[in-house]
Amino acid sequence: MLSYQHGFHAGNRADVLKHAILHATLSEAASASPKCLYVETHSGRGRYNLEGPQSLKGGEAAEGVLALLKGSTPKPLAPWLDFVRPRCPGDYPGSPALAQALLPKEARIILFEKHPTEYKELVSAVGDDARTQVKHADGYSGALKLTPRADEKMICFVDPSYETSRDIDALALWTPRALKRWPKGMLILWLPLFRDGREAEFGEYLSTLDDCVVAGARWPADAEKETALEGTAIVTFRPTRSVREKSLAIANALQSWWAN
């Protein structure tokens, strides 16, 4: 959707789970092999000022990363929070910034962003990084044109806005194509958890496509807030044993944190 800008939601509770798991996954990938092809279909602007007007409008970061930085750190989230702490609140790292910081110099990073304003901000945020290409194009079709080299580990991160039901429909059609396109690749999907449970059937469908781990957490519903979201999950296809364990540990820690 060309109306969506993630700056209004950066650092929120969904970002916490999403980025903590991605941090763990990319850290492992970097230590396992110097060469990988990392792709994002919906990159956003890469870096966010949590004291800027977009972030302050909704105040979502206050309940997300900023709350965690003020409190006692849940152990499974400590590596990501240690990474974030010196950068917050003025330079909160989105997924492109995580990839740039964590992946080795031999990696290739390809970032897709369709929104014109977000694309321009992303180009600026990426800076002079020879490993990274930023493409102003549809990430679903663009990603499927890519092929990892023989010695590269393929990782694709998919983070759509889910502003309409069409986002789920599009991802339902795209995911099996991507898994077939990259038979040895790791595919990481963000999945919002809605109050009305509209994602349940989709989540069940995803789990039938290939070996995957679903790491999710919910927060207590607030009757005073008009929001359809009450939780967040990451679905990782073809995870290593370590990524599976770390993802579930992060999700379980957040479930407990948000319940208190």
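Reader: Is strand E6 mostly covered or exposed?
Author: In this predicted model, strand E6, spanning residues 153-158, is mostly covered, with five of its six residues buried.

Reader: Which way does E1 run relative to E6, and how many bridges join them?
Author: Strand E1 (residues 36-40) and E6 run parallel and are joined by five bridges. Within this pairing, tyrosine 38 stands opposite isoleucine 155 of E6.

Reader: And how many bridges are there between E6 and E7?
Author: There are four, and E6 pairs with strand E7 (residues 186-194) in the parallel sense. Here valine 158 faces leucine 189 of E7, the two standing opposite each other.

Reader: Turning to the largest nonpolar core, which residues have the most contacts inside it?
Author: Those residues are Tyr38, Leu77, Trp80, Trp174 and Leu187, in a core of 79 residues. Helix H1 (residues 13-32) supplies the largest share of this core, namely nine residues.

Reader: What does tryptophan 80 touch?
Author: Leaving aside residues up to four places away in sequence, tryptophan 80 touches Val16, His19, Ala20, His23, Val65, Tyr92 and Leu98.

Reader: At what angle do the axes of H1 and H6 cross?
Author: The axes of H1 and helix H6 (residues 95-102) cross at roughly 25° and come within 10 Å. Angles under 35 degrees count as roughly parallel, and H1 and H6 are therefore roughly parallel to each other.

Reader: Is that crossing of H1 and H6 left-handed or right-handed?
Author: The crossing of H1 and H6 is right-handed.

Reader: Which residues meet there?
Author: From H1, His19, Leu22, His23, Leu26, Ser27 and Ala30 meet Ser95, Leu98, Ala99 and Leu102 of H6.

Methods. Residues numbered from 1 in each chain as written. Predicted model: local features only at pLDDT ≥ 70, side-chain atom pairs only at ≥ 80, totals over all residues. Heavy atoms only, no water. Buried < 20%, exposed > 50% of the residue type's maximum accessible area, 1.4 Å probe, protein only. Pairing = 2+ DSSP bridges. Core = buried A, V, L, I, M, F, W, Y, C linked by side-chain atoms within 4.5 Å. Contact = heavy atoms within 4.5 Å. Axes fitted to C-alpha atoms, helices over the stretch in contact; angles between N-to-C directions. Parallel < 35°, antiparallel > 145°, perpendicular 65-115°, else oblique. Left-handed = near helix turned anticlockwise from the far one by under 90°.
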